[in-house]
Every structure is written in structure tokens, then in C-alpha cells.
Amino acid sequence: MSTVVPRSDLAREILHVYGIITWISLGIALLVGAGLAWVLVRFRERPGAGIPAQVRGHSLLEISWTIAPAIVLLVIAIPTIQVIFRTQGQAPRDALEITVRGHQWWWEFQYPSLDVVTANELHVPAGRAVALTLDGPDVIHSFWVPKLGGKRDVVPGRLNRLFFTPTTPDEYRGQCAEFCGVSHANMGMRIVVDAPEAFTRWVAAQKVELPEPAAGPAADGKAIFARSACVGCHTIRGVSSGALGPNLTTFGSRHTLAAGLMPATVDTVAAWIKDPAALKPDAKMPALGLTDEQARAVATYLIGLK
Ligand code: CUA
């Protein structure tokens with residue numbers, strides 16, 4: 001995660017302002033440092049020297065040190081305000097609309113125009129604007145993917161907007177940037193910027209009819225999932241329609257588990273199902289009291305959902 005490696009138009013604009021402020025601050029720091037050094041040498045204590053001439057009520061000095069910072073702030077404000085207006089206007093008309101919902105402690109991503117819902121891993125196409133609408137059902141979170149742009153708060157009862165055009169296909173890490181409770185630090189995300197064809201393939205893969213799991217652990221896992229409390233919170237298309245937790249329809253296509261906390265493998269998913277709070281403090285998902293074997297079966301089923 002780095003703010004000085006911009007991979008979107010928004011991140012580049014922000015870095016541009018950042019650069020201006022840094023250079024101006026560096027210039028001022030050098031001037032102040034040089035002045036300080038001069039004063040230290042010129043007025044250092046010397047044997048026999050009295051106190052230097054005392055200056056009080058020097059109008060020219062007072063006017064100068066009022067006007068100089070005002071000019072500095074003005075010079076910084078002009079490009080800053082320009083960038084704010086450029087990046088806060090209307091998103092381009094052909095932007096891909098995505099609704100981002102911050103939950104304690106995971107991210108939900110809805111693509112209303114594509115009829116796709118996913119969690120914690122957001123796929124977007126390179127070279128096309130994405131317009132995010134940020135909404136939150138519980139407490140204030142903040143959406144932040146440093147290489148793609150600045151933070152934007154996710155505030156319950158208020159819709160915030162953020163748009164940018166990612167430039168380079170890659171996988172970018174993001175993090176909730178507003179303290180939102182015990183597992184705030186465990187609220188990561190991944191943004192996968194795909195080449196346009198790869199994005200089209202990803203969307204198609206999210207919608208394919210899920211195959212019936214082969215007999216064995218995966219089929220047992222599906223049966224356990226379908227008869228347990230899982231269905232009350234999680235949606236798997238054609239199996240369950242809970243809406244409190246992440247949509248798991250294509251869980252197996254994600255690389256990580258529990259908001260980017262660890263790689264998604266049968267072992268980690270089984271450990272998570274056994275005791276979520278052991279891996280993520282204050283996890284909202286309860287332990288279901290499954291045996292190791294049952295948890296592994298469910299994990300095998302979930303990993304196969306792709
Ligand atoms: Cu969500 Cu911090």
C-alpha cells in the first residue's frame with residue numbers, strides 16, 4: 001500500500017498536489033533552517049558581549065510574517081481546490097457503478113448493472129471509470145486503496161461518492177481507514193484491476209450455474225451448510241438467501257478469507273468456520289459447534305464454489 005505509486009487518475013492528481021506541497025514545504029524548511037542557523041551564530045553568547053538590541057512593535061516585520069504564510073497557503077490552496085473540483089464532479093457517463101457497503105468487519109461490493117454481488121475482493125476493468133457509492137449499515141468505516149486514490153468515509157445514513165479510472169491491471173491492497181471497532185485493523189480488501197477481457201470473463205464466471213458438488217466432502221459440506229445457521233446470514237445462489245454476511249456464491253474464486261486476513265484454503269476456511277473469533281477478535285460470525293470433519297466438509301464445499 002503506497003500513496004506515492006499512483007495507479008489511477010485520482011491517485012495521480014492527489015500525488016500531484018502532494019508533490020507541490022512537499023516541494024514548497026522543503027523550500028520553507030530550508031529558509032527557516034538557514035535563518036535559524038544564522039541567528040544562532042550571529043547572536044551566540046560571547047565573553048563580554050551584552051544582550052543584543054531588542055526589537056518591539058516592528059510593523060514591517062509583523063506585516064511580513066502575516067502576509068508570507070498567507071501567500072504560502074494561497075499557493076497551496078489553488079492546485080488543491082482545482083484537484084478537489086476535478087475529482088469531485090460528475091463521474092463519467094459510462095462509469096461502472098458499484099455500491100460499496102462497509103460492515104463490521106468486511107466489505108460488500110454490489111454491481112447493480114451487472115447483477116453481481118461479492119465481498120472483500122473487488123474486480124474492476126482497467127481503463128474504464130468506476131463510480132463507487134459508499135454506504136454503511138453499521139458504524140463509520142473508510143474505504144482506502146492507496147494506489148488508486150484517497151480515502152473516502154463510509155457513513156451510515158449518508159451516500160458518499162468516489163470515482164476514478166484505474167490504469168494498470170494488478171492486485172491492489174486496501175484497508176479500512178477509520179477506527180470502527182475491535183477488528184478495525186482486520187478489515188482489509190483487495191481491488192483486482194483486470195484487463196477489459198479478463199473483467200468480462202470474471203463477470204461471466206460470477207453468473208454461471210453452480211455445478212452440483214461431487215459426492216464426498218463437498219457434497220456433505222453443502223448438506224451441512226444448507227441445514228445449519230449458515231443459511232440465515234449468507235447467500236449462495238440457489239441454496240440460501242441470508243444477507244447479514246458476505247455473499248458466498250463464488251467464494252472459491254476469491255483468494256483471501258475474512259476481509260483479506262489470510263489466504264483462502266480448505267485449512268484456513270475450516271479453522272474460520274470452527275471458531276471465527278479466534279482468528280478475528282469480536283467476529284460477528286458465531287462458532288457453529290461443528291466437528292473438525294464437518295467444518296472441513298463445509299470448507300471443501302465453499303472452496304469449490306467457482
Ligand atoms: Cu471498518 Cu475500520
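In which strand is Ser241 found? In this predicted model, Ser241 belongs to strand E12, which spans residues 240-241.

## Surroundings of Ser241

With a relative accessible area of 65%, Ser241 is exposed, since a value over 50% is what that class requires. Leaving aside residues up to four places away in sequence, Ser241 touches Val231, His234 and Thr235. Its C-alpha atom is separated by 9.9 Å from that of Cys230, a residue 11 places apart from Ser241 along the chain.

## Cysteines

Cys230 itself counts as buried, its relative accessibility being 10%, and the class of Cys230 therefore contrasts with that of Ser241, which is exposed. Cys176 is likewise buried, at a relative accessible area of 2%.

The structure holds 0 disulfides. For Cys230, the nearest cysteine sulfur is that of Cys233, which lies 8.5 Å away; because a disulfide calls for sulfur atoms within 2.5 Å, Cys230 is in no disulfide.

## The five-stranded sheet

An open sheet is formed by 5 strands, which follow one another in the order E3-E2-E1-E5-E8 with mixed pairing. The edges are taken by strand E3 (116-119) and strand E8 (160-164), each of which has a single partner strand, so that one side of each is left without a neighbour in the sheet. On average, and with direction ignored, neighbouring strands of this sheet are turned by 20 degrees against each other.

## Packing of helices H4 and H8

Helix H4 (residues 217-227) and helix H8 (residues 292-303) have axes that come within 7 Å and cross at roughly 100 degrees. This makes H4 roughly perpendicular to H8, because angles of 65 to 115 degrees fall in that class.

On the H4 side, the residues that meet H8 are Pro217, Ala218, Asp220, Gly221, Lys222, Ile224, Phe225 and Arg227, while H8 contributes Gln294, Ala297, Val298, Thr300, Tyr301 and Leu302. Sorted by class, the contact of H4 with H8 comprises 8 nonpolar, 3 polar and 3 charged residues.

Note on methods. Residues numbered from 1 in each chain as written. Predicted model: local features only at pLDDT ≥ 70, side-chain atom pairs only at ≥ 80, totals over all residues. Heavy atoms only, no water. Axes fitted to C-alpha atoms, helices over the stretch in contact; angles between N-to-C directions. Helix = DSSP H or I, 4+ residues; strand = E, 2+ residues; numbered from the N terminus. Parallel < 35°, antiparallel > 145°, perpendicular 65-115°, else oblique. Contact = heavy atoms within 4.5 Å. Nonpolar A, V, L, I, M, F, W, Y, C, P; charged D, E, K, R; others polar. Buried < 20%, exposed > 50% of the residue type's maximum accessible area, 1.4 Å probe, protein only. Pairing = 2+ DSSP bridges.
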